[in-house]
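Here's a quick briefing on charge pairs and a greasy surface patch. Have a look at the model first, then read on.

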Amino acid sequence: MAAVLVPVVTDVGETRELIHNGVNGVLVPPSDTTALSDAIITLVENEELRRKISSNAKLSSKSFDIAKHIQRFLRVYHEAIGE
């Protein structure tokens, strides 16, 4: 996002908290290779959409708090191992 690229990500876990479909990235269903390829093709073919989403992605990246997300990941890992 900070590199002014459009994130195309699967809609799993907390990705919805970071990526708003069609606004600052593209969400596709997990394991749906057709949706993934369609999203990428759409972005390649539609420069205006690609520029709009990538610009919004750059703005969104400025509010990303890496420390907050590291703590979330650590909580998940600790829960997974029973700590």
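A quick word on terms: buried means under 20% relative accessible area, exposed means over 50%, and partly exposed is in between (1.4 Å probe, protein chains only). This is a predicted model, where local features need pLDDT of at least 70, side-chain atom pairs count only at pLDDT 80 or more, and totals for chains, interfaces and linings use all residues. Residues are numbered from 1 along each chain as its sequence is written, and side-chain values use heavy atoms, leaving out hydrogens and water.

**Salt bridges**
- There are 4 salt bridges here (a side-chain nitrogen of Lys or Arg within 4 Å of a carboxyl oxygen of Asp or Glu).
- Arg72 pairs with Glu14 at 3.1 Å, N to O.
- That pair sits 58 residues apart, tying helix α4 to the loop between β1 (8-10) and α1 (15-18); helices (H or I, at least four residues) and strands (E, at least two) are DSSP runs, numbered from the N terminus.
- Glu14 is partly exposed at 37% relative accessible area, while Arg72 counts as buried at 18%.
- Glu17 also bridges to Arg72, at 2.5 Å, N to O.
- Shared partners join Glu14, Glu17 and Arg72 into one network.

**Nonpolar patch**
- Leu18, Phe64, Ile66, Ile70, Phe73, Leu74, Val76 and Tyr77 make a nonpolar surface patch of about 750 Å².
- Patch residues have over 30% relative accessible area and no salt bridge; like charges are joined within 9 Å, and nonpolar side chains (Val, Leu, Ile, Met, Phe, Trp, Tyr) within 5 Å.
- Accessible areas come from the Shrake-Rupley method with a 1.4 Å probe; for residues, only the protein chains shown count as cover.
- Helix α4 (residues 66-80) gives the most, with 6 residues.
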